[in-house]
Amino acid sequence: MIMADVLFWLLIAVGFYLVFVSYWVAAEALFPAFVERCRLRYAQKPYRSTLWGLLAAAPLLAGALFLLTHMGNPLLQISGVGVVALMVIFGLVGSAGLCRQIGRGLAKPDDAAQPWRQVRRGAIVLAMTFVLPVIGWFVVLPWVLISGLGVFLRVRFTRKAAA
């Protein structure tokens, strides 16, 4: 492997992690109250959120894969990609609560004035857990996205009942 190949894969990995951290911090900046409710769900019952995420993701992924593989119409294939993209975005927004929860454990005195710093610190730590080959790629990353989707759905659809 030549140096250009090494740099190619290194920069792809670094870009991948920067995108994750950016989405988590953006979710905190745009929806701070929603991210706080997601954090509370992670703090209370993270396994229940994972179960919700699995129950929601399984049929959506099956439908998206069906659209991608069995439909000849490009618009239907694009809609399959859109379903997967929405699931990932919702999973990232929901898992911003996990980043905030991790960041609370890494608290600093100036966090009250700038609460997004908690999310940034937690996001960096969480993204670094994806680096470990096999476990990080195929266990931690899917769990974060699936549980994030579950937290997103729980907070989004149980908010009205609580109000």
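These notebook entries record what I looked up in a predicted model.

**Conventions.** I number residues from 1 along each chain as its sequence is written. In this predicted model, local features need pLDDT of at least 70 and side-chain atom pairs pLDDT 80 or more, while totals for chains, interfaces and linings use all residues; side-chain values use heavy atoms, without hydrogens and water.

**Entry 1: α4 and α5.** I looked up two helices (DSSP runs of H or I, at least four residues, numbered from the N terminus). Helix α4 (residues 74-105) packs against helix α5 (residues 116-129) at about 100°, with axes 7 Å apart. The axes are lines fitted to C-alpha atoms over the stretch in contact, and angles between N-to-C directions run from 0 to 180 degrees. That makes α4 roughly perpendicular to α5 (65 to 115 degrees). Among the α4 residues in contact (heavy atoms within 4.5 Å) are L98, C99 and I102, and the α5 side includes V125 and L126.

Entry 2: Leaving out residues up to four places away in sequence, L126 touches W24, L98, C99, I102 and V144.

**Entry 3: Y42.** Is Y42 buried or exposed? I find Y42 buried, with a relative accessible area of 6% (buried means under 20%, exposed over 50%, partly exposed in between; 1.4 Å probe, protein chains only).

Terms used: Angles under 35 degrees count as roughly parallel, over 145 as roughly antiparallel, 65 to 115 as roughly perpendicular and the rest as oblique.
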